[in-house]
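Biologist: Please take a close look at one helix pair and a residue within it. A brisk account will do.

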Amino acid sequence: AAHVRTEHVMWALGSDFNYQNAQHWYRNLDKLIHHINKNGTVNAFYSTPSIYTEAKHAEGLTWEARFDDVMPLADDFHHYWTGYFTSRQGLKKYLRVLSNYLQSARQLALLSPSEPCMTSGNTEALCTDQLEAAIAVTTHHDGLSGTEKQAVSDDYEQRMSDGHADALGMVGKILAKMVGVDAVEQCHGERGLNISF
């Protein structure tokens, strides 16, 4: 534990497409923890990042403050993934803005006196489902971190844009019905160009 400056060491478990059989893995982890703790020199237990951080903080040490991108990952010789906090700011902001819009649309749908998933003239449901799915996909650890390839980022943006258009239609119909206006176009703003993103 010398390189982590205290006696507290986090042993993170998990990976892409692993640990899918929880009962199997936790049964084995329980056995592993039991045998590690048997000799009394180490105390292994299930924990959380917040408990680990509190234990580190309680040591009273001064820690270096970093203000750059501090999460490089090397998955092979001379293959580094960086830019977790500094890359794809436009996508991250778009995700944040649309997440807020999604929550507002959901709340408005709850206040609506009618079914929120309405059918438009071309028989496609106007709903938040498409936006919810797009946001869910984009918050994947490669999407939100900005480590995805450009074509994948473009796909995320397109999915969110399509979902946003769908949710705008739903919000417009609900507002039109609530205020008694026939022209749905008057009840939602124009998205315009995404120049600021």
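Biologist: At what angle do helix α3 and helix α4 pack, and which residues does Leu-98 touch?

Modeller: A caution to begin with: this is a predicted model. Two packed helices are described by the angle between their axes and the distance between the axes. Helix α3 covers residues 89-111, and helix α4 covers residues 129-138. Their angle is about 145°. Their axes lie 10 Å apart. The crossing of α3 and α4 is left-handed. On the α3 side, the contact is made by Leu-91, Leu-95, Leu-98, Ser-99, Tyr-101, Leu-102 and Arg-106. On the α4 side, Leu-131, Glu-132, Ile-135 and Thr-138 make it.

Now to Leu-98, which sits in helix α3. Its relative accessible area is 2%. Buried means under 20%, so Leu-98 counts as buried. Leaving aside residues up to four places away in sequence, Leu-98 touches Leu-131, Ile-135, Met-160 and His-164. Leu-131 and Ile-135 belong to the α4 side of the helix contact. Met-160 is 62 residues from Leu-98 in sequence. In space, the two are 7.7 Å apart, C-alpha to C-alpha.

For the surface, take Leu-32, in helix α1 (residues 22-37). Leu-32 is partly exposed, at a relative accessible area of 34%. Leu-32 forms a nonpolar surface patch with Trp-11, Leu-13, Tyr-19 and Trp-25. Together, the five residues have about 480 Å² of accessible area.

Definitions and conventions: Residues are numbered from 1 along each chain as its sequence is written. This is a predicted model: local features need pLDDT of at least 70, side-chain atom pairs count only at pLDDT 80 or more; totals for chains, interfaces and linings use all residues. Side-chain values use heavy atoms; hydrogens and water are left out. Patches are made of residues with over 30% relative accessible area and no salt bridge: like charges are joined within 9 Å, nonpolar side chains (Val, Leu, Ile, Met, Phe, Trp, Tyr) within 5 Å. Accessible areas come from the Shrake-Rupley method with a 1.4 Å probe; for residues, only the protein chains shown count as cover. A salt bridge is a side-chain nitrogen of Lys or Arg within 4 Å of a carboxyl oxygen of Asp or Glu. Helices (H or I, at least four residues) and strands (E, at least two) are DSSP runs, numbered from the N terminus. Buried means under 20% relative accessible area, exposed over 50%, partly exposed in between (1.4 Å probe, protein chains only). Axes are lines fitted to C-alpha atoms, for helices over the stretch in contact, and angles run from 0 to 180 degrees between N-to-C directions. A crossing is left-handed if the near helix is turned anticlockwise from the far one by less than a right angle, and right-handed if clockwise. Contact means heavy atoms within 4.5 Å.
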